Amino acid sequence: MVYFGLYNSIDFNEYDEKKRKILACSIKGLRSGGDGVNDFTFNKSPLRASESKCSSGLHKILVVFTYKEIQPARYESYLIGVFDNESLNQ
Ligand SMILES: [Zn+2]
């Protein structure tokens with residue numbers, strides 16, 4: 001099991017650049033409106049990245065999700081993918 005949430009996540013566009021490039025190739029629908037690496041969105045929603053470990057503590061996990069305010073104080077979040085963070089480091 002993997003837990004993730006907004007409070008231990010960061011702006012995807014501030015996440016490790018090398019990993020962002022790898023993820024951009026493997027996530028269908030990930031779009032960059034700018035210079036190719038610093039302006040990623042998904043369905044026009046901002047992206048967040050959350051590093052954690054699985055509940056057994058054995059695996060390093062990266063969760064990518066969208067987080068968008070759709071009305072004041074109402075948010076929409078969409079899970080994009082759960083990745084093996086160890087393999088992204090190689
Ligand atoms: Zn595990």
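What is shown is a predicted model, in which local features need a pLDDT of at least 70 and side-chain atom pairs count only at pLDDT 80 or more, while totals for chains, interfaces and linings use all residues. Residues are numbered from 1 along each chain as its sequence is written.

The pLDDT, which is the predictor's confidence in each residue on a scale from 0 to 100, averages 89 over the protein, and 97% of the residues score at least 70. Among the elements, strand β2 (residues 30-32) has the lowest mean pLDDT, 84, whereas β1 has the highest, 95. Where pLDDT is low, the predicted coordinates should not be read in detail.

The protein has 2 helices and 6 strands, where helices (H or I, at least four residues) and strands (E, at least two) are DSSP runs numbered from the N terminus. Read from the N terminus on, these elements follow the order β-α-β-β-β-β-β-α. The radius of gyration, taken over C-alpha atoms and compared with a globule rule of 2.2 Å times the number of residues to the power 0.38, is 13 Å, close to the 12 Å that the rule gives for 90 residues, so the protein is as compact as a globular protein of that length. Along the principal axes, its C-alpha atoms fill a box of roughly 40 × 30 × 20 Å.

An open sheet is formed by 4 strands in the order β1-β4-β5-β6, with antiparallel pairing; two strands are said to pair if DSSP finds at least two bridges between them. The edge strands of this sheet are β1 (10-11) and β6, each of which pairs on one side only. Strand β4 (residues 47-53) is joined to strand β5 (residues 60-71) by 7 bridges in the antiparallel sense, and the two form a hairpin with 6 residues between them, where G57 in the turn has a positive phi of about 80°. On to strand β6 (residues 74-84), β5 makes 10 bridges, again running antiparallel. The hairpin of β5 and β6 has 2 residues between the strands, and in this hairpin A73 takes a positive phi near 65°. Within this pair of strands, E69 has Y75 of β6 as its bridge partner, and F65 stands opposite L79 of β6.

A residue is buried if 20 or more other C-beta atoms, placed from the backbone, lie within 10 Å of its own, exposed if 12 or fewer do, and partly exposed in between; buried residues make up 18% of the 90 residues. A nonpolar core is a set of buried Ala, Val, Leu, Ile, Met, Phe, Trp, Tyr and Cys residues joined through C-beta atoms within 7 Å, and of the 13 residues in the largest one, F12, L47, A49, L62, V63, V64 and F65 touch the most other members. Strands β4, β5 and β6 each supply at least two residues of this core, and its largest share, 4 residues, comes from β5. Leaving aside residues up to four places away in sequence, F65 touches R48, S77, Y78, L79 and I80, a contact being a pair of C-beta atoms, placed from the backbone, within 7 Å.

Helix α2 (residues 85-88) contains E86, which counts as exposed because it has 11 C-beta neighbours inside 10 Å.

Methods: Two residues are in contact if their C-beta atoms, placed from the backbone, lie within 7 Å.
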